[in-house]
Amino acid sequence: MRKRPFIIVLVLLLSSMTLFTACSGFPDNAEQKNSSTEQTGDLTDNGTDTKANEVGTQDNKTQDNKTEENATVVDGLLTGKFNPEVTITTVRGVAPGVTFRDGENVDDNVHTKWAKERFGINIKNLWSVTDQNDAYKTKLRLALSSNEPMPDVMIVFDVNLAQDLISSGKFMDIGDKFEQKAAPMWKKALEEYSYTWNPFKKDGKKYGIPLLSYGYGSDPVLWIRQDWLDKLNLKAPQTMDDVEHIMDAFTNQDPDNDGKKDTYGLVIAPKASLSDGIGNASWIFGAYGVVPEQWNMTADGKVGFGSVQPEMKAGLEKLKQWYDKGFLPRDTGLYDGGKVAEVISKGNIGMIAGPQWLPWYPFPDLVKNDPTAKMKPFNIPTGPDGQAGRNGTVQGGYAILINKDIEPRTLEALFVYMNYLFENLAIPRAGSEFEHGYFENYDWAMKDGQPSRKNEDIPGGYIDAKKYFLFWEMPLIPEASVEPMIKRYKGEPLTTPNDMFYKDHPEDQVQGYGKIVEQAEASKVNVFNGAPTPTMKKKWELLEKIKQETFSKIIFGNAPVSQFDTFVNEWNSTGGDAVTQEVNEWYQSVSQ
């Protein structure tokens, strides 16, 4: 449901089948002749031991659609199973909300068993961390600085870290291999979002395979406790003034009816970014004409960093006023998305901005603690000039990096795994093992002879099994998630297997999608999607530190709003001017 990228629950059904659809190309003949059987591996469709050089590409198939030995070409892709088994090593950050069935864990679960049984692939985590406070990013950077061995494959969310990893020389140029081996569905998805390759290029070569996310996966809507609105006889907000009136009531009129002054109007997650997924604050600044934390087109037709634009002052001043009035928890300055999820679950927060997927996490925890709680989505409010704005979803920004020393056989296994999922799961097909979800009795179950994804119909409750996948999520094609949800929002019939995959998604999530589409013009997309510029590589961490410290002092401390002007001058002189020039040069180069 990350940044990263987050997010919504789809599923895998265990199967006893031994055939699978896999990669569209294998090593060329030279690679095959120069590799031993143990290195190149075998793919069979009947469990027999067949050497990799006996499994040809589609070009080598005979007229009866058979390759030389046991492999079979199905729809242009090879089918089979690795024998002997192959191991793919990786590293992993585990989100705080990930749960497991009894006896399972991140290293041994229904998905790792499925990969072993279907493909003969063992997924091995060299290490894993609970991914709070950038723990995964920090551990990766420490591993890089200490020259630790890297896994076969891994996912990277931070483009600056990705470029550092690429520059280390430890990861391969994957461009040609992707063209040779990726399944048509995978290629097509990235062709439609070709800009997602940009952050992971070096010297014109492609070093990271971009991963796509859900459509409208990060555009925030305003989620408000409807039960509190009803109790206090308040109407849905339209403007920033309306929002402030509601926050005042939520903070001072005891909406939870416990006789204590222990509720708050709003929670945000400013620790790392004002545009964090859970606890997003970009809409506050959007009401005054700017979206922070991203590169936007400015009035003079150039590209400017939102967080240093003059319009930011009004948003900072408004947040400072709300904090001083007690509308936000006193320790808000320390909150990241994970902490906000924890806080919202306690039941004393009336309002939060975040993506359409919040009904999956963390709202179920809220309802467990307060069964009367009803979080409903609303349009983001307009400011004094009638403007509304927020950060929009940009595809990409994170990618798969592949070790340059990966065994050829292991590389084949990666494409077998990903190709199968793209061809069979990204848009589920009728009769496939993924027609109803990922794994039965995890994210779906049979109820009265019909498949259901409702929590109450699944023995032991819903488990978000897609978080167990090799890259922490199912392969995604943005449109596949949007179209069924908008059909539901409009009351149109669901007709395709992909549509039916979303028939049991929470109605509040459907309404969230609808609110985003209704107010689509408010979503502002980051116009810079290139690799970090030379000055970014040297100065961005320092520039971010200056920004975060200044904003924190203004909102939560005693610094006057006028301190923003001093900050902008410092930001520009410390390298911001140079970065802005480089971003504009990049923008001109890709706009021609």
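Strand 11 and strand 14 run antiparallel and are joined by four bridges. This is a predicted model, in which local features need pLDDT of at least 70 and side-chain atom pairs count only at pLDDT 80 or more, whereas totals for chains, interfaces and linings use all residues. Residues are numbered from 1 along each chain as its sequence is written, and side-chain values use heavy atoms, with hydrogens and water left out. Helices (H or I, at least four residues) and strands (E, at least two) are DSSP runs numbered from the N terminus.

- Strands of a sheet pair through backbone hydrogen bonds, in a parallel or an antiparallel manner.
- Here, three strands form an open sheet in the order 14-11-15, with antiparallel pairing; two strands pair if DSSP finds at least two bridges between them.
- Strand 14 (351–354) and strand 15 (375–378) are the edge strands, each of which pairs on one side only.
- On average, neighbouring strands of this sheet are turned by 30° against each other, direction ignored; the axes are lines fitted to C-alpha atoms, and angles run from 0 to 180 degrees between N-to-C directions.
- Strand 11 (residues 221–225) is also joined to strand 15 by four bridges, and these two strands run antiparallel.
- Trp223 has a bridge partner in strand 14, namely Ile352, and another in strand 15, namely Pro377.
- The bridge partner of Arg225 in strand 15 is Met375.
- Strand 11 is mostly covered, with five of its five residues buried; buried means under 20% relative accessible area, exposed over 50%, and partly exposed in between (1.4 Å probe, protein chains only).
- From strand 11, Val221, Trp223 and Arg225 point one way, while Leu222 and Ile224 point the other way, and all are buried.

**Aromatic pairs**

- A pair of aromatic rings is described by the distance of the centres and the angle of the planes.
- Rings of Phe, Tyr and Trp (its six-membered ring) pair if their centres lie within 6.5 Å; planes under 30 degrees apart count as stacked, over 60 as edge-to-face and the rest as tilted.
- By this rule, the count comes to 36 aromatic pairs.
- One of them is the tilted pair of Phe157 and Trp472, so classed because the ring centres are 5.1 Å apart and the planes stand at 45°.
- This pair links distant parts of the chain, 315 residues apart: Phe157 lies in the loop between strand 7 (153–156) and helix 5 (159–167), and Trp472 in the loop between strand 19 and helix 15.
- Phe157 counts as partly exposed because its relative accessibility is 22%, whereas Trp472 is buried, with a relative accessible area of 11%.
- Phe528 and Trp586 form an edge-to-face pair, at 4.9 Å centre to centre and 80° between the planes.
- Phe528 lies in the loop between strand 20 (523–524) and helix 18 (534–556) and Trp586 in helix 19 (residues 563–591), so this pair ties together parts that are 58 residues apart in sequence.
- Phe528 and Trp586 are both buried.
- One aromatic cluster is formed by Trp114, Phe119, Tyr417, Tyr420 and Phe434.

**Tyr462**

- Tyr462 lies in the loop between strand 19 (450–452) and helix 15 (478–490), and it counts as buried because its relative accessibility is 15%.
- Tyr462 and Asn441 are 7.8 Å apart in space, C-alpha to C-alpha, and 21 residues apart in sequence.

**Backbone details**

- A cis peptide bond, with omega about 5°, joins Asn83 and Pro84; Pro84 is found in the loop between strand 4 (81–82) and strand 5 (86–94).
- A cis peptide bond with omega of about 15° joins Tyr361 and Pro362; Pro362 is in the loop between strand 14 and helix 13 (363–369).
- Asp203 has a positive phi of about 55° although it is not a glycine, and lies in the loop between strand 8 (201–202) and strand 9 (205–206).
- Asp203 is exposed because its relative accessible area is 71%.
- Asp254, also not a glycine, has a positive phi of about 50° and lies in the loop between helix 9 (240–252) and helix 10 (282–286).
- Asp254 is buried because its relative accessible area is 19%.
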